[in-house]
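The points are grouped by topic and can be checked against the structure shown below.

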Amino acid sequence: MPLTPEQQAEIDALRGAAQPTLRATAPGMEAHLHKAHTVLDHGFIRVIDYMGDDAAITQAARVSYGKGTKSVSNDEGLIRYLMRHWHSTPFEMCEIKLHVKLPVFVARQWIRHRTANVNEYSARYSILDREFYIPAAEDLAAQSTTNNQGRGEALSGEEVARVLDWLRDDSTRAYDHYEAMISDEGQQGLARELARMNLPANIYTQWYWKVDLHNLFHFLRLRADAHAQMEIRVYAEKLCEIVKDWVPFAYGAFEDYRLGGAQLSARGVECVRRMLAGEEVTQENSGMSKGEWREFVGVVG
């Protein structure tokens with residue numbers, strides 16, 4: 001169950017209590033505000049608050065207070081210029097605050113993006129819910145033979161059933177012991193801050209995560225990539241949908257130059273020039289290592 005009845009009641013109350021404001025609002029984001037988007041089996045993302053829109057980015061870039069004679073096309077063109085030339089500070093004028101429910105092992109990947117403000121649910125003070133991430137059968141795969149941090153071929157048959165049984169049984173057993181330790185049949189029980197160490201990494205945690213748009217784009221560039229682990233990628237993909245509605249010009253530029261773009265080294269650029277001149281370029285005469293050449297060919301085809 002992604003949302004508790006209490007959380008749903010809070011969301012309903014917030015969405016039903018519209019407030020007048022003089023600040024800039026983004027209609028696309030207003031539709032997402034306080035709405036919980038389900039991710040994985042028990043997780044969600046919901047927007048708690050936001051600041052700024054596409055116009056805030058261009059206003060900061062121009063350092064002006066009025067629209068003047070600029071047109072919408074000027075705004076989009078300026079945002080694309082800023083993205084193309086890696087001018088990041090105007091994008092920092094927009095911020096978003098999220099409430100995220102996610103498995104602990106996903107949170108430990110997510111927290112590596114340190115340019116954000118985070119406040120996580122504390123298992124020192126509160127008791128964690130009996131909710132664990134259990135992958136779908138089709139998402140179970142063997143270790144990749146070419147990538148030390150990725151999946152390889154999908155598991156099948158009895159192997160899938162055995163792994164799923166282990167995941168469910170071990171998670172349930174660990175939580176049973178956790179409950180027993182903190183409420184030891186009338187005894188004082190073990191401190192929550194100690195009992196939590198026995199919980200598995202697939203148990204769900206929650207946090208508030210506030211970040212500016214520049215650093216959010218950096219997060220999405222890495223975590224919405226096809227090579228990212230699926231369990232964090234689905235959160236990033238849902239965030240992409242939200243950001244696209246919030247700042248459509250900025251997201252369009254990000255999608256074009258970052259998600260769909262590629263960066264070449266000086267050697268890579270030189271190889272492209274040699275290819276365009278009709279020269280046959282191979283890994284042996286490119287000056288690149290085998291790994292670099294493989295990535296280069298993946299970009300230029």
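In which helix is L14 found? L14 is found in helix α1, which covers residues 5–15. The model is a predicted one.

**L14 and its surroundings**

- L14 has a relative accessibility of 37%, so it counts as partly exposed.
- Leaving out residues up to four places away in sequence, L14 touches H34 and R46.
- L14 and Y175 are 161 residues apart along the chain, and 33 Å separates their C-alpha atoms.

**Salt bridges**

- Side chains of opposite charge can pair when their charged atoms come close.
- The whole structure holds 16 salt bridges.
- One of them joins E10 and R46, with 3.6 Å between the closest N and O atoms. This pair links distant parts of the chain, since E10 is in helix α1 and R46 is in strand β2 (residues 43–51), 36 residues apart.
- D256 and R80 form another salt bridge, with the closest N and O atoms 2.6 Å apart. D256 belongs to helix α10 (residues 248–259) and R80 to helix α4 (residues 72–84), so the bridge ties together parts that are 176 residues apart in sequence.
- D256 is partly exposed, with a relative accessible area of 39%; R80 is also partly exposed, at 24%.
- D165 and R168 meet in a salt bridge at 3.7 Å, N to O. Both residues lie in helix α6 (residues 158–182), 3 residues apart, or about one turn of the helix.
- An α-helix has 3.6 residues a turn, so residues three or four places apart point the same way.
- D165 has a relative accessible area of 39% and is partly exposed, and R168 counts as partly exposed at 40%.
- R130, D176 and E179 are linked in a salt-bridge network.

**Aromatic pairs and charges over rings**

- The count of aromatic pairs comes to 13.
- Why is the pair of W110 and W209 edge-to-face? The ring centres are 5.3 Å apart and the planes stand at 85°, so the pair falls in that class, for which the angle has to be over 60 degrees.
- W110 is in helix α5 (residues 104–110) and W209 in strand β7 (residues 204–212); the pair links distant parts of the chain, 99 residues apart.
- W110 is buried, with a relative accessible area of 0%, and W209 counts as buried at 2%.
- W209 also pairs with F219, and this pair is tilted, with 5.3 Å from centre to centre and 55° between the planes. F219 lies in helix α8 (residues 213–223) and W209 in strand β7, so the pair ties together parts that are 10 residues apart in sequence.
- Both W209 and F219 are buried.
- W110, W207, W209, F219 and Y235 are linked into a cluster by ring pairs.
- The charged end of R258 sits over the ring of W86, at 3.4 Å from the ring centre. K101 lies over the face of Y204, at 5.8 Å from the ring centre.

**Helix α9**

- Helix α9 (residues 230–246) has 17 residues and spans 24 Å from its first C-alpha to its last, close to the 24 Å expected.
- Of the 17 residues in α9, 12 are buried. Among them are Y235, L239, V243 and W246, as well as the charged residues E231, R233 and K238.

**Nonpolar cores**

- In soluble globular proteins, nonpolar side chains tend to be buried together.
- The largest nonpolar core has 47 residues, of which W110, L213, L216, F217, L220 and W246 touch the most other members.
- Helix α9 supplies the largest share of this core, 9 residues.
- Setting aside neighbours within four places in sequence, L216 is in contact with I96, W209, V211, L239, V243 and W246.
- Another core, of 15 residues, lies apart from the largest one and includes L128, F132, V160 and I182.

Technical notes. Residues are numbered from 1 along each chain as its sequence is written. This is a predicted model: local features need pLDDT of at least 70, side-chain atom pairs count only at pLDDT 80 or more; totals for chains, interfaces and linings use all residues. Side-chain values use heavy atoms; hydrogens and water are left out. Rings of Phe, Tyr and Trp (its six-membered ring) pair if their centres lie within 6.5 Å; planes under 30 degrees apart count as stacked, over 60 as edge-to-face and the rest as tilted. Helices (H or I, at least four residues) and strands (E, at least two) are DSSP runs, numbered from the N terminus. Buried means under 20% relative accessible area, exposed over 50%, partly exposed in between (1.4 Å probe, protein chains only). A charge sits over a ring if NZ of Lys or CZ of Arg is within 6 Å of the ring centre and within 35 degrees of the ring normal. The expected span of a helix is 1.5 Å times one less than its number of residues. A nonpolar core is a set of buried Ala, Val, Leu, Ile, Met, Phe, Trp, Tyr and Cys residues joined through side-chain atoms within 4.5 Å. Contact means heavy atoms within 4.5 Å. A salt bridge is a side-chain nitrogen of Lys or Arg within 4 Å of a carboxyl oxygen of Asp or Glu.
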